[in-house]
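Welcome! Take a moment to look over the sequence and the 3D structure, and then we can walk through some of the features together.

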Amino acid sequence: MDAATFRGRRERAAAAARAAGIAALLVSPGSDLAYLTGHRIHESERLTCLVLASDGAAALVVPELEAPRARTASPGLEVRTWSETDDPIALVAGLVPRGGDVAVGDRMWAAFVLGLRSRLDGRSLVTASRIVAPLRMRKDEHEISALRAAGEAADRVYERMRAGSFAGRAESEVSAELRALLAAEGHDDTFAIVASGPNGASPHHDAGERRIAAGDTVVLDFGGTRGWYCSDITRTVHVGDGVDAERRRVHDVVRRAQEAGYAAARAGATASSVDAAARRVIDGAGYGAYFIHRVGHGIGLDGHEDPYLVRGNDVVLEPGMAFSIEPGVYLPGRFGVRIEDVAYVDASGAAQPLNTVDRSLAIVR
Ligand code: ZN
Ligand code: ZN
Ligand code: ZN
């Protein structure tokens, strides 16, 4: 994405700020900053902060030593530097126009927020997500292709894993292999939940030293960041044949719940209605008490972002929105099943999967 893309995003954010009576957005390192400037940088005790005024004026305040990186990452953006003994809070506060609220990035560290609050005394602070999240939710075609490429990479990793062996290996070994394959597929950051047997009942189980054995159902939930955009996929496999009827039934219920989620996830539908559609299938099969999380989350620069597909969220889906659809059933002390794809709403208004690899209960060695 080029400088004009980022300038266009800043213009849209400034216009939205104007409409909301917000004088300026103050955005520190993280995905909002990357989205608005093209600058992806670690969080630090040294303040880096985009000051985007509602009239469209933008300045990136950075510690002097970071200025070369900032200028390379964000050509055309004014860079203001502070040296080690300066007060960066004063520099930022001095760039905020008079009048109106001040929006601070949702994930800005408290130390900076509190410093800014005392320096901007009397001004009310609001969260910048009310301006930036609606922009980030509506992805352009480059963003959708980046998500698609990340999803296809994760699909290939699953193909490889499914052909390999599980019995006798520790969850942590399988997790390490998943992460290595993701890295080989171009991912920078990676995660891999491997939840075998009774551990499968914990949706975010940390892969541990449990040895996987024949007869185990194993939940594999993995992905990360590739070319700035995230992948996130879950498939459930079974070690050895002779899967009992209940495991088959639960897997089938979860699969039908995901299909119901896909059918409901159309432009014009609310986020909550997708959750409800998937939940109805699981409730109807008698497993409602064991589906203990929302059906999905938005995905993009962050692994979890708006829109959240959860009861009570009346955000209306639109073309360009991307999110996971990931129903699950978790039976304490026994096993768990989850199936997760990333999907997006296409121009026709239908939800299309960005993970297309086989969703059936794979029998593995
Ligand atoms: Zn999760
Ligand atoms: Zn996941
Ligand atoms: Zn997810």
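Let us begin with a pair of charged side chains: E84 and R46 meet in a salt bridge, at 2.6 Å from N to O. E84 lies in the loop between strand 4 (78-82) and helix 4 (88-94), while R46 sits in the loop between helix 2 (31-37) and strand 2 (49-53), so this pair ties together parts that are 38 residues apart in sequence. As you explore, please keep in mind that this is a predicted model.

How exposed are the two partners? E84 counts as exposed, at 53% relative accessibility. R46 is partly exposed, with a relative accessible area of 27%.

## More salt bridges to find

The structure holds 27 salt bridges, and a few others are worth a visit. The side chains of E246 and R334 meet in one of them, at 2.5 Å from N to O. Here E246 belongs to helix 9 (residues 245-264) and R334 to the loop between strand 13 (328-331) and strand 14, so the bridge ties together parts that are 88 residues apart in sequence. R334 is partly exposed, its relative accessible area being 38%.

Another salt bridge links E326 with R338, whose closest N and O atoms are 3.8 Å apart. E326 is found in the loop between strand 12 (322-325) and strand 13, and R338 in strand 14, so the parts tied together are twelve residues apart in sequence. Are these two residues buried or exposed? Both E326 and R338 are buried. Elsewhere, salt bridges that share partners join D32, R107, R136, K139, D302 and E305 into one network.

## The zinc site

D232 lies in strand 9 (residues 229-239), whereas E340 is in the loop between strand 14 (335-338) and strand 15 (341-345), so the pair ties together parts that are 108 residues apart in sequence. D232 counts as buried at 6% relative accessibility, and E340 is buried too, with a relative accessible area of 0%. If you look for the other ion, the zinc ion (ligand 1) is 4.7 Å from the zinc ion (ligand 2).

## The chain as a whole

Finally, step back to the protein chain. How many helices and strands does the chain have? Its secondary structure comes to ten helices and 17 strands. The radius of gyration is 23 Å, close to the 21 Å that the globule rule gives for 365 residues, so the chain is as compact as a globular protein of that length. The C-alpha trace spans about 70 × 40 × 35 Å along its principal axes.

Of the 365 residues, 54% count as buried. Among contacts in the chain with a separation of 6 or more, 65% are between residues 24 or more positions apart. The accessible surface of the protein chain comes to about 14900 Å², and carbon and sulfur atoms account for 49% of that area.

Conventions: Residues numbered from 1 in each chain as written. Chains lettered and ligands numbered in written order. Predicted model: local features only at pLDDT ≥ 70, side-chain atom pairs only at ≥ 80, totals over all residues. Heavy atoms only, no water. Donors = N, O, S within 2.8 Å, 3.2 Å for Na, K, Ca; no water. Helix = DSSP H or I, 4+ residues; strand = E, 2+ residues; numbered from the N terminus. Buried < 20%, exposed > 50% of the residue type's maximum accessible area, 1.4 Å probe, protein only. Salt bridge = Lys/Arg side-chain N within 4 Å of Asp/Glu carboxyl O. Rg over C-alpha atoms; globule rule 2.2 N^0.38 Å. Contact = heavy atoms within 4.5 Å. Areas by Shrake-Rupley, 256 points an atom, 1.4 Å probe, with all protein chains shown as cover.
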